[in-house]
Amino acid sequence: MSEMKDLSNQLRTLEEQLVSCMKCGMCQSVCPVFEQTHKEADVARGKLVLLESLMNDIFDNPDGVNKRLNKCLLCGSCAANCPSGVKVTDIFIKARAIITGYLKLSFIKKIIFRKMLAQPKVFDWIIHMGAKLQKFVLTPSNDHTQTASLKILSPLLNHRSIVPAADIPFQKSIDQLMAKAKPTGPRVAFFSGCLIDKIFPRVGIATVKVLLHHNFQVIIPRNQGCCGIPALAAGDTLTFLSLVKYNLDLFPVEKFDYLVTACATCTSTLKKLWPSMVQNQTPGLEKQVSLLAEKTLDISQFLSSVAGLELQSESSETPKIVTYHDPCHLAKSLGVRKEPRDVIHASSGYTLKEMADPDRCCGMGGSFNLYHYDLSSKIGKIKKENIEATGCHTIATSCPACMMHISDMLSKGSSHIDIKHPIELYAQGIK
Ligand code: SF4
Ligand code: SF4
């Protein structure tokens, strides 16, 4: 009983934000989950009411509220369209942490987050071994999306096409990439993020190639850790904070002028969630995180606003049609919409054709995709149809997680659409 009181007191730290919701219900019209389920408990308003009820001791089912809270993509569509400016995803992230603290993290999540994700060298080794062994359990399913399906059945991965781990992670390519470079410009640190390092090293390679071409001194610390979002989204603040501190040690803010990422989720996490989640930590940590957040930019923002995009010479071939998907963490969280399109416009050999609702969530949502795959697929199918309706040759997006889910969606059927990051299109034109 006293523990429930304690939980309710902790939720009171969110009271001011919770009561700012005026229950207008406008979030219903933009929530991709509600669009599929039509259940009030799946939309922001319903979840906020559940949290308020738990805070006010109206009912005592933290497990039930937690399940509802986790049935959410954290896409931020509700927050971006809320007339009262309710910081919905911030509330959900903090509430997940509070309720998980009360319910305790499951044994399996403790192993995954605290023994693997929080130990970057161990995590790297596990993925490295997985990459070596994956040929025994995967069958290629689609050349264009470079996906594969599992030969054996697994309750979590069944029916999906996955993008396999790269044979050589990005960090193993760094020495070769930097070997002949003698840039003299400002210092740019590159935060690769797990998905670029382990699944899409080609995106990291393209980013570094472009930065060096623009004469920036590129700093890439080895053994970088995860930005922490998977742990934080699961309510594990301990792992999240340990990863923040680990990465801060690798990226001392005084050693670089800018920090660049090519992952929308990493950018949004470093710029918004790191500062929000270290508020009650030490003033020194808060200061460091705030300085790092100020220096952090998505690669397209960096090229548009700092480096200056070079308009590449026209290709003699007919331009290929490319359409762009706005990742929620870039468009809705940070308002970055124009810059990735500027990068595409500057790339030779492509012409941009917008799809319907380019900022509609693709349905990935991190662990949402694992636990609610049917819903995730239904949301992703709408994105797939919008992409295919453009008749495009290539779909570009600035988030490796979106790249993975869109690959899965497109591989169902006979799609011949390539999936790229905008920086890859730009890098192709650099000799
Ligand atoms: S979260 Fe915003 S849009 Fe949704 S009901 Fe509350 S005030 Fe309205
Ligand atoms: S974050 Fe996205 S999925 Fe979650 S409630 Fe808001 S709109 Fe719906």
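Buried means under 20% relative accessible area, exposed means over 50%, and partly exposed is what sits in between (1.4 Å probe, protein chains only). Keep that in mind as you look at this predicted model, where local features need pLDDT of at least 70, side-chain atom pairs count only at pLDDT 80 or more, and totals for chains, interfaces and linings use all residues. Side-chain values use heavy atoms, with hydrogens and water left out, residues are numbered from 1 along each chain as its sequence is written, and chains are lettered from A and ligands numbered from 1 in the order in which they are written. Helices (H or I, at least four residues) and strands (E, at least two) are DSSP runs, numbered from the N terminus.

**Domains**

- The domain assignment gives domain 1 (2–103) and domain 2 (311–428); bounds like these come from an automatic or database domain assignment.
- Between the C-alpha centres of domain 1 and domain 2 there are 30 Å.
- Still, 14 residues of domain 1 are in contact with 14 residues of domain 2, where contact means heavy atoms within 4.5 Å.

**The two ligands**

- Around ligand 1 you'll find Cys21, Met22, Lys23, Cys24, Gly25, Cys27, Arg45, Leu48, Cys82, Pro83 and Ser84; a residue is near a molecule or strand if one of its heavy atoms lies within 4 Å of it.
- Sorted by class, the shell of ligand 1 has 7 nonpolar, 2 polar and 2 charged residues.
- For those classes, Ala, Val, Leu, Ile, Met, Phe, Trp, Tyr, Cys and Pro count as nonpolar, Asp, Glu, Lys and Arg as charged, and the others, Gly among them, as polar.
- Ligand 2 has its own surroundings, including Cys31, Cys72, Leu74, Cys75 and Cys78.
- Helix 3 (32–37) and helix 6 (77–80) are the elements that give two or more residues to the shell around ligand 2.
- That shell around ligand 2 has 9 nonpolar and 2 polar residues, but no charged ones.

**Helix 9: one side in, one side out**

- Helix 9 (residues 120–133) has 14 residues and reaches 20 Å from its first C-alpha to its last, close to the 20 Å expected at 1.5 Å a residue; the expected span is 1.5 Å times one less than the number of residues.
- Its buried residues are Pro120, Phe123, Asp124 and Ala131.
- Look down the axis of helix 9 and these buried residues fall within an arc of 100°, so they line one face of the helix; the arc is that of the directions from the helix axis to the C-beta atoms.
- An α-helix has 3.6 residues a turn, so residues three or four places apart point the same way.
- On the face of helix 9 turned away from the buried side sit the exposed residues Lys121 and Trp125.
- Helix 8 (107–117), helix 11 (194–198) and helix 14 (237–250) are among what covers the buried residues of helix 9.

- Buried residues of helix 12 (residues 201–213) include Pro201, Val203, Gly204 and Leu212.
- After helix 12 comes asparagine 215, with a positive phi near 70°.
- In helix 17 (residues 299–307), the buried residues include Ile299, Phe302 and Leu303.
- Helix 12 and helix 19 (338–346) are among the elements covering the buried residues of helix 17.

**Positive phi in loops**

- Leucine 74 isn't a glycine, yet its phi is positive, at about 50°.
- You'll find leucine 74 in the loop between helix 5 (62–70) and helix 6, and it is buried, with a relative accessible area of 13%.
- Lysine 104 has a positive phi near 75°, sits in the loop between helix 7 (88–103) and helix 8, and counts as exposed at 61% relative accessibility.
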